[in-house]
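This report looks at aromatic ring pairs and at some annotated positions. The sequence and structure come first.

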Amino acid sequence: MRIGIIGCGQLARMIALAGLPLGIKFSFVADSGVDTDLSCVEGLGIIAPWQPGQSIETLYQALGKPDVITVEKEQVDLHLVQQLETYCTVRPSAASITQCKSRIKEKQLLAKLDIPCAPFTYQVDLAQSAATLGLPMVIKSLDEGYDGKNQWVVHDNDSLNTLAASENFGDHLIEQWIPFDKEVSLIGTRGHDGDIHFYPLTENVHRKGILIRSTAPAKHISPKMEAAAQDYMRRLLEAEDYVGVLAMELFVVGDQLLVNELAPRVHNSGHWTQMGATTCQFENHIRAVAGLPLGATTLTSKTGMLNLLGVAVPPMKALSSSSSLHWYNKESKPNRKLGHINFTAADYVSLDQQMDLAETHLY
């Protein structure tokens, strides 16, 4: 079997590395102007360049006629995905990717399925939005808004007026600011036969909108809260007839969960599964899109993940006796995700100590 992946970043790399032991071959679609650094996936399979206007049939042939195509990111050319569906199966489908590519469509889907999220509006008039939602509020572009990019937190009227004068907000989602207790995420997988597996809720810490570290399972999460998160994701997976890994980011507010964002792909906050679960998210994504039985998502140990941002060389000094380094072979740039380290421990205290010590060797 051959699987095509749209994208050439670290997620595509880790999907391929998880699938190669299963005897699966891989091809990668390199979007000109986007995937300029192909070092992540070099040597892992066929790399086929693509640009708008190119023949889809020619691209499909160049990819080695894959049996199924998947994505490593939601910010893809939807026309390309839709056209590829005429040649082979795409999982998750173009329709599912479309729902998550646009923030307003994503929020509308959550509302339709009665899944709680922050109050939001979609208005050109920022003053009216402030009157409706109150301040502070969060303004987000409809797409291209990852790692804290293309979003603003407005705390007062002066900031609101300055922002309104400097930007065109006709195509922005506006949300009420949520004073959350912490951020968590849920990684789930749905197979082609409708079988659904969940990983434990993961606790995440961000700095300037970029994920720094994750801990699994999340601390101080009740069985009721875990069940609620799984119920929300089950509704999404079944409503979309979704196949593959889906990530759901949530806010913990008291004893409630509010969904923040969705990602129709393997996710940074699920990297810990490479060391802390029976089957990692990358292999389970492969299993799902290839039509194979899903692997167990059982937690094998308390696990933490530390992102490596802007680090020029593999940080060997940050490793411990119970950790594993994943280096992406990317060009070093400030705040760029260049790798991650997974840690395991018998308890949270020991886990936090390992990650704290590793950070001293990084930043």
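## Aromatic pairs

Two rings of Phe, Tyr or Trp (its six-membered ring) count as a pair if their centres lie within 6.5 Å; planes under 30 degrees apart make the pair stacked, over 60 edge-to-face, and the rest tilted. The structure is a predicted model, and a search of the whole of it finds 4 aromatic pairs.

One of them is formed by Y60 and Y87, with 5.3 Å from centre to centre and 35° between the planes, and it is tilted. Y60 belongs to helix 2 (residues 56–62), while Y87 lies in the loop between helix 3 (78–84) and strand 5 (89–90), so the pair ties together parts that are 27 residues apart in sequence. Y60 is buried, with a relative accessible area of 12%. Y87 is partly exposed, at 35%.

## The F180 and F251 pair

F180 and F251 have ring centres 4.7 Å apart and planes at 0°, so this pair is stacked. The pair links distant parts of the chain, 71 residues apart: F180 is in the loop between strand 9 (172–176) and strand 10 (182–190), and F251 is in strand 14 (residues 244–253).

F180 counts as partly exposed, at 28% relative accessibility. F251 is buried because its relative accessible area is 10%, and the cut-off for buried is under 20%. W177, F180 and F251 form one aromatic cluster.

## A charge over a ring

K302 lies over the face of Y348, and the distance to the ring centre is 5.1 Å.

## Annotated binding site positions

An unreviewed UniProt entry places the feature "binding site" at R103, K140, E175, Q176, W177, I178, E183, H206, N260 and E261. From this set, E183, H206 and N260 are in the lining of the second largest cavity. W177, which the record lists, is also a member of the aromatic cluster with F180 and F251.

## E175 and Q176

Where does E175 lie? E175 is in strand 9 and is buried, with a relative accessible area of 4%. Not counting residues up to four places away in sequence, E175 touches K107, P119, F120, L133, M137, V138, K140 and N260. Among these contacts, K140 and N260 are also listed in the UniProt feature.

Q176 is in strand 9 and counts as partly exposed, at 28% relative accessibility. Leaving aside neighbours within four places in sequence, Q176 is in contact with A118, P119, L133 and P136. A polar atom of the Q176 side chain lies 3.1 Å from the backbone oxygen of L133.

Note on methods: Residues numbered from 1 in each chain as written. Predicted model: local features only at pLDDT ≥ 70, side-chain atom pairs only at ≥ 80, totals over all residues. Heavy atoms only, no water. Helix = DSSP H or I, 4+ residues; strand = E, 2+ residues; numbered from the N terminus. Buried < 20%, exposed > 50% of the residue type's maximum accessible area, 1.4 Å probe, protein only. Lys NZ or Arg CZ within 6 Å of the ring centre and 35° of its normal. UniProt positions renumbered as here; feature names shortened; annotations may be inferred. 1 Å grid on protein atoms, 1.4 Å probe; cavity = no way out; pocket = protein on both sides within 12 Å on 5 of 7 lines; lining within 4 Å. Contact = heavy atoms within 4.5 Å. Polar contact = N/O pair within 3.5 Å; in protein donor to acceptor, adjacent residues only side chain to side chain.
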